[in-house]
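Have the viewer open and follow along.

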Amino acid sequence: MISWFNKKEVIFPGNDIKTDIHSHLIPGIDDGSQSMEESIALLRKFEEMGYSHLITTPHIMQDYFANTSDIIQNGLSQLRSEALKNKINLSIDAAAEYYLDEFLFEKLNKNDQLLTFGNQYLLFEMSFMSVSPYLNEFIFKLRSKGIRPILAHAERYSYYFGKVDAIEDLIERGVFIQLNINSLTGYYTKPVRKLAEQLIDRQLVHFIGTDCHRMDHLDRINEASSLKYFKKALNLPLLNRTL
Ligand SMILES: [Fe+2]
């Protein structure tokens with residue numbers, strides 16, 4: 001039984017949820033890990049934190065990280081074989097964190113194969129400053145193909161600050177919500193932390209993720225483990241546990 005009130009109690013996130021669904025661990029293909037050595041150190045840390053399964057999600061963003069399914073699959077194969085050589089006991093899969101812009105929308109319209117995981121989940125993000133003009137049609141089209149969109153770090157978009165109802169509306173239209181554990185520590189900004197706490201209070205969180213780009217992110221997540229809202233998040237029926 002998890003106590004929310006015992007502040008000294010530290011729960012390593014992986015011990016509970018086992019599967020992380022958001023990270024940047026394939027070296028050299030986005031703004032996450034920049035070398036295989038760094039990736040192996042991160043994998044070791046995930047293992048120490050109690051995780052057993054990682055679904056790593058490199059950025060696919062036309063102008064900055066023009067990754068393809070092939071690039072990601074090749075990177076995954078190399079990461080898996082290095083993890084094996086280094087006796088790391090984690091099962092590792094890969095999908096992507098898609099940036100919602102005209103290029104992604106076009107891919108969807110052309111019926112290109114998109115990288116999903118688990119029960120047809122697709123992780124996507126938007127600009128932090130303005131909502132994507134493609135959002136509504138994107139959700140509708142994905143859902144009509146049986147794909148379940150997950151909005152990455154929903155609490156980080158400034159246009160949703162103070163607008164929890166707008167996020168609830170997305171959920172009603174079939175979007176799943178992922179929260180970054182580090183949002184609860186104030187690692188980003190105060191308004192991000194506030195929205196993260198509101199989403200937890202209103203039980204509007206389906207997945208939590210590390211969004212790990214580097215070791216600093218995992219160190220801070222370990223600090224988050226003693227926070228009241230982190231424990232409260234773990235009391236939600238998180239879908240990480242189904243993967
Ligand atoms: Fe990310």
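A nonpolar core here means a set of buried Ala, Val, Leu, Ile, Met, Phe, Trp, Tyr and Cys residues joined through C-beta atoms within 7 Å. Buried, in turn, means that 20 or more other C-beta atoms lie within 10 Å of the residue's own; exposed means 12 or fewer, partly exposed is in between, and the C-beta atoms are placed from the backbone. Two housekeeping notes before using these. This is a predicted model, in which local features need pLDDT of at least 70 and side-chain atom pairs count only at pLDDT 80 or more, while totals for chains, interfaces and linings use all residues. Residues are numbered from 1 along each chain as its sequence is written.

With that in hand, the largest nonpolar core has 62 residues, and Tyr-98, Leu-123 and Leu-199 have the most contacts inside it. Helix 7 (residues 190-201) gives the largest share of this core, 5 residues. Helices (H or I, at least four residues) and strands (E, at least two) are DSSP runs numbered from the N terminus. For contacts, the rule is that the C-beta atoms of two residues, placed from the backbone, lie within 7 Å. Leaving aside neighbours within four places in sequence, Leu-199 touches several residues, among them Ala-154, Val-164, Ile-177 and Leu-204.

Now zoom out. The protein chain has 9 helices and 9 strands, and 40% of its 243 residues are buried. Its C-alpha trace spans about 50 × 45 × 30 Å along the principal axes. A compact globule with 243 residues would have a radius of gyration near 18 Å, and the 17 Å of this chain agrees with that; the radius is taken over C-alpha atoms, and the globule rule is 2.2 Å times the number of residues to the power 0.38. Among contacts between residues at least 6 apart in sequence, 81% join residues at least 24 apart.

Next, the sheets. Strands count as paired if DSSP finds at least two bridges between them. An open sheet of 6 strands runs in the order 3-5-6-7-8-9, with parallel pairing. Strand 3 (59-60) and strand 9 (207-209) stand at the edges with a single partner strand each, so one side of each has no neighbour in the sheet. Strand 3 pairs with strand 5 (residues 97-99) in the parallel sense over 2 bridges, and His-59 has Glu-97 as its bridge partner in strand 5. Strand 5 is also joined to strand 6 by 3 bridges, again parallel; here Tyr-98 has Phe-124 of strand 6 as its bridge partner.

How many of the residues of strand 6 (residues 121-125) are buried? The count is 5 of 5, so this strand is largely enclosed by the rest of the structure. Tyr-121, Leu-123 and Glu-125 are buried on one side, and Leu-122 and Phe-124 on the other, so to speak covering both faces.

Further along the sheet order, Asn-180 sits in strand 8 (residues 176-180). Asn-180 counts as buried because it has 25 C-beta neighbours inside 10 Å. Apart from neighbours within four places in sequence, its contacts are His-153, Gly-209 and Asp-211. His-153 belongs to the loop between strand 7 (148-151) and helix 6 (164-172), and has a positive phi near 30 degrees although it is a residue other than glycine. With 22 C-beta neighbours inside 10 Å, His-153 is buried too.

There is also an open sheet of 3 strands, in the order 1-2-4, with parallel pairing. Strand 1 (19-20) and strand 4 are its edge strands, each pairing on one side only. Strand 2 (residues 53-56) pairs with strand 4 over 4 bridges in the parallel sense, with Ser-91 as the bridge partner of His-53.

Strand 4 (91-94) brings us to helix 3, whose buried residues pack against that strand and helix 2 (36-48). Those buried residues are Ile-72, Gly-75, Leu-79 and Ala-83. The face turned away from the buried side carries exposed residues, including Asp-70, Gln-73 and Lys-85.
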